[in-house]
Amino acid sequence: MEAVNSDAMLKGTPFHSRTSALCQSQNWRRWSGHVVAGSYELTHDREYFAIRSSAALIDVSPLHKYMIEGPDAARFLNRVVTRDVSGCAQGQVLYTPWCDEEGKVIDDGTLARLGEEKFRLTSAEPNLLWLHNNALGFRVTVGDVSESTAALALQGPTSREILRCVTDADVGGLRFFRSMAAEVKRIPVTISRTGYTGDLGYEIWVDSENAEPLWDALIEAGGPYGITPAGMLALDVARIEAGLILIDVDYVPAHRALIEDRKSSPFELGLGWTVKLDKGSFVGSTALLKEQRNGSDWQLRGLEIEWESLETLYADVGLPPQLPTIAWRTSVPVYGGRHQVGYATSGCWSPILKKYIALAHLHSTHARTGTKVEMEVTVEHRRKRAVATVTSTPFFNPERKRS
Amino acid sequence: MSYSAHYDAIVIGGGHNGLVNAAYLARAGKSVLVLERRHLVGGAAVTEEIYPGFKYSVYSYVVSLLRPEIIRELDLPSHGLEILPLESTVTPLPNGDYLGRWADHDQTRRELYRHSAKDAEAYDDYGKLMYHLAFAVKPIVAMVPPDPTSLSPRDLLSLLKLGKHFRSLGATQFYALVKLMTMSAADFLDEWFETQALKATMSASGIIGTFLGPRSPGTAYVLLHHYLGEIDGSFRAWGFAKGGTGAISESIAGAARRFGADIRTEASVARVLVRHGRATGVALENGDEITARVVVSGLDPKRTFLKLIESEHLPDDFVDSIRRFKIRGSSGKVNLSLSELPKFTCLPRDGPHLRGAISISPSVDYLERAYDDAKYGNFSRRPYMDIIIPSMIDPGMAPPGKHVMSIFVQYAPSDLEGGWNETRREAFGDAVIDTLAQYAPNLPGAILHRQVITPWDLERDIGLTQGNIFHGELSLHQLFFLRPAPSWADYRTPLDNFYQCGSGTHPGGGISGTSGRLAALRVLKDWK
Ligand SMILES: Cc1cc2nc3c(=O)[nH]c(=O)nc-3n(C[C@H](O)[C@H](O)[C@H](O)COP(=O)(O)OP(=O)(O)OC[C@H]3O[C@@H](n4cnc5c(N)ncnc54)[C@H](O)[C@@H]3O)c2cc1C
């Protein structure tokens, strides 16, 4: 048989030579046409705990990355995202969604101001066309640097110590959601204090051709600090604990929604805090202003599924509670009394909180913190309902994240 | 800090059970004072930096039984509790080979297969049975023992009648449970496996903290305890607390303080104040007297009833049974600061085995011989050891690139022939290092600091009578409604307003917090 044409294969990231050598489990996951490790070891527990107790090194290169440059860069971005970019200082990073004209979320990502007229925007989906279309009349260029820029997330309590070992830059002075240029073993990088884990952590952006030496430098310096390559399974648990939503899982991007009902506004996704209606008009602002006045029908909230309730359901069939061993990403009905009042979209057993948690879209009538609802659980092939309490997110929010 | 003169409750001893007890009482709105003799709380669950830069989990070193409901109800994660998985157990063998059990099921099976194809399959069946049995006994562990008078306490098997649970067990499981209650760990495992190192390493869990050998009847039951953690939503049977075992105590103390409890260290209680058959407070070593409506003791039964209370206040038969309560110590501990990782001959490269447990238990004979030494009043010349390298799990335990090693050792009898002293303590330490050097020859040269702990030290330093790590042996005649004494297994005592909450009560030793919690619930129920 002929081998598959290499163009037809999923791509490895610029770190593939390193990650594939370590991927004992051969558990690979697809991400934007690339393959990345689902887990490196046969079980992902240790990778998860590295995020929370030492440091995890995560390849996040498949993110889409756009370089937006020009005298109107800030003005242009202020038109397209919901956050206020005019107040974004050099070296600052904003987490922001962006919306269509109806105020429904298209995508979300981080926006880093690298210079007076230079920004880098990350996104989960390709957004080049949409950015181009909106750039009409602005003196900006939008460049897709997804391929030429590789990225590593170094996340966890010892991540700062590790960076200190490899760079002279003032890592200690880098505040939450700030970024700076630096050199790691003479390799030029940008380090931002950002991440998808809700923990102390950094993301390191590097030209793809320097990816491998950067990986090697971090792994070597990180040894004594417990650095552990971690895959998507571990990351998924951490991001749910941090209450961070995931596109295509917790919401459908507006551009891909086949019906209106699938779309969500930032208010409905718990991102109301990112909507700066007083900054002047931007894409979707009219609709968002209206929603803000009238209130939203839905809210994305946390659920804590009560252990005692699970125990009772499982005791009926003679078992202790069976917990998911990895995070789930399916839509699960949530009830208030006899009626369905929402649906959970991701959930997991939180090993650090020792709680079963989920993210759920709830009707605003049932979204208040402390409300008791019921989430569907399948116990031995039968649909049951476990009692759950509506909570605010993040579920886990350590001080070190910001300090 | 200021202390009000009168409290709703005083808890004697800031071990983890005392702290759990105080936290629950404070959570219910009571004013609570914890009095701890040492300069830090935690008792047998402490982390101390004895050699600068190196942190030892001085005594207790792994956790499996800490109750999930306590973690949730006291919100311990918000007070810093993090339990990291310990994924493997490796037993180095004298012939340079090893037996490993890993986090991944298939990997373990392949490894067992290398030693015995039969054992590789039996291991799964065994695991399934233990899982069922653990599920069956779990309600007992989590409940206050019922009034035993309707049962015959002499008939230990009447334990089995408890709960409709047992009726639902199939015949195979029922007989297995009876066997577990009565057999020795070695005999029980002989029915399942043929690989010596596997049987020895598994049976070791049945002898920890007891003055028994793997061939002593009654040791099989403790095998079950290892499966209890697994069915409680903690996923892994064994874990290591980030920051060392002391972090568990600190997190509980943090919760207790948040609920308003006062915790006083360097406050040794000399005596419980008694008036008209009821406890009214305590007198400290320094002469201070503090009154309270309720007094709870977290010390072991002997200390509680024979030292803190004048015997005239207690019924004679009760005092007798406390005197008879078996509390011989048999365990020691060696903590090391290391300049480099040990290189085990069987697995010379750094690898996952250094992040799990390493068990020196090559065969059942080896363990039994170690016990023989102790039976006749000596420490084991070739002891059983359960080893972890905490700095490999939590790098914060030692300076970067350096390591700490925790070695739990058996046997070190409390009543050593001729008595313990400093010289004999170090001789015991030497036996441990010599034995280990046979498996990891670079170890002796890597030692920067060594701390050796014998039952003698346990008694002097943290007040464990005879150095018994569980406040009394976990043998069947001292469990459940017999712990610590018949009729007084419900945390109450013959003295009104005086309760007990330490490991000497049901369900027994280990870092579980259950005694502390159940005792608090009992106190609160009685409060009206
Ligand atoms: C060497 C060793 C290793 C162990 N390993 C493990 C393990 O790995 N895993 C596990 O689960 N269990 C282990 N155990 C057992 C476990 O640590 C104990 O069962 C448990 O910690 C006991 O807790 P406690 O709160 O009941 O009592 P303790 O921890 O004994 O607390 C009693 C407290 O009372 C204080 N006190 C004593 N006298 C007075 C007084 N007169 N006034 C005021 N305070 C006083 C003491 O200082 C102490 O702090 C180990 C124990 C030892 C000793």
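Which side chain of chain A meets that of B:Arg355 in a salt bridge? In this predicted model, the partner is A:Glu41, with an N to O distance of 3.7 Å; a salt bridge is counted where a side-chain nitrogen of Lys or Arg lies within 4 Å of a carboxyl oxygen of Asp or Glu. Local features require pLDDT of at least 70 and side-chain atom pairs pLDDT 80 or more, while totals for chains, interfaces and linings use all residues, and side-chain values use heavy atoms, with hydrogens and water left out. Residues are numbered from 1 along each chain as its sequence is written, with chains lettered from A and ligands numbered from 1 in the order in which they are written.

Across the interface of chain B and chain A, 3 salt bridges are found. The side of chain B that touches chain A draws at least two residues from each of helix H2 (68-73), strand S5 (83-85) and helix H4 (117-142) of chain B; helices (H or I, at least four residues) and strands (E, at least two) are DSSP runs numbered from the N terminus. By class, that side of chain B holds 13 nonpolar, 4 polar and 9 charged residues. Here Ala, Val, Leu, Ile, Met, Phe, Trp, Tyr, Cys and Pro count as nonpolar, Asp, Glu, Lys and Arg as charged, and the others, Gly among them, as polar. In total, 26 residues of chain B are in contact with 29 residues of chain A, contact meaning heavy atoms within 4.5 Å. The area buried between the two chains is about 2600 Å², and carbon and sulfur atoms give 61% of it; buried area is the accessible area (1.4 Å probe) lost by two parts on being put together, summed over both.

The ligand has 33 residues around it, of which B:Glu36, B:Val62, B:His471, B:Ser503 and B:Gly510 come nearest; a residue belongs to this group if one of its heavy atoms lies within 4 Å of the ligand. An N or O atom in the side chain of B:Glu36 is 2.6 Å from an oxygen atom of the ligand. Backbone N or O atoms are also involved: that of B:Val62 lies 2.7 Å from a ligand nitrogen, and that of B:Ile469 lies 3.2 Å from a ligand oxygen. The ligand exposes 1000 Å² when taken alone, and the protein buries 96% of that, with accessible areas from the Shrake-Rupley method and a 1.4 Å probe. Helix H1 (16-27) and helix H16 (455-462) of chain B are the elements that give two or more residues to the shell. The shell comprises 15 nonpolar, 15 polar and 3 charged residues.

Most residues other than glycine have a negative phi, and most peptide bonds are trans. The bond from B:Gln410 to B:Tyr411 is cis, with omega near 15°, and B:Tyr411 is in the loop between strand S16 (403-410) and helix H14 (422-437) of chain B. A cis peptide bond also joins B:His506 and B:Pro507, with omega about 5°; B:Pro507 is in the loop between strand S18 (498-500) and helix H17 (514-526) of chain B. A:Gln26 has a positive phi, near 50°.

Over all chains the salt bridges number 51. One of them joins A:Arg164 and A:Glu161 at 3.0 Å, N to O. These two residues are separated by about one helical turn because they are 3 residues apart in helix H5 (residues 159-166) of chain A.

Definitions and conventions: Polar contact = N/O pair within 3.5 Å; in protein donor to acceptor, adjacent residues only side chain to side chain.
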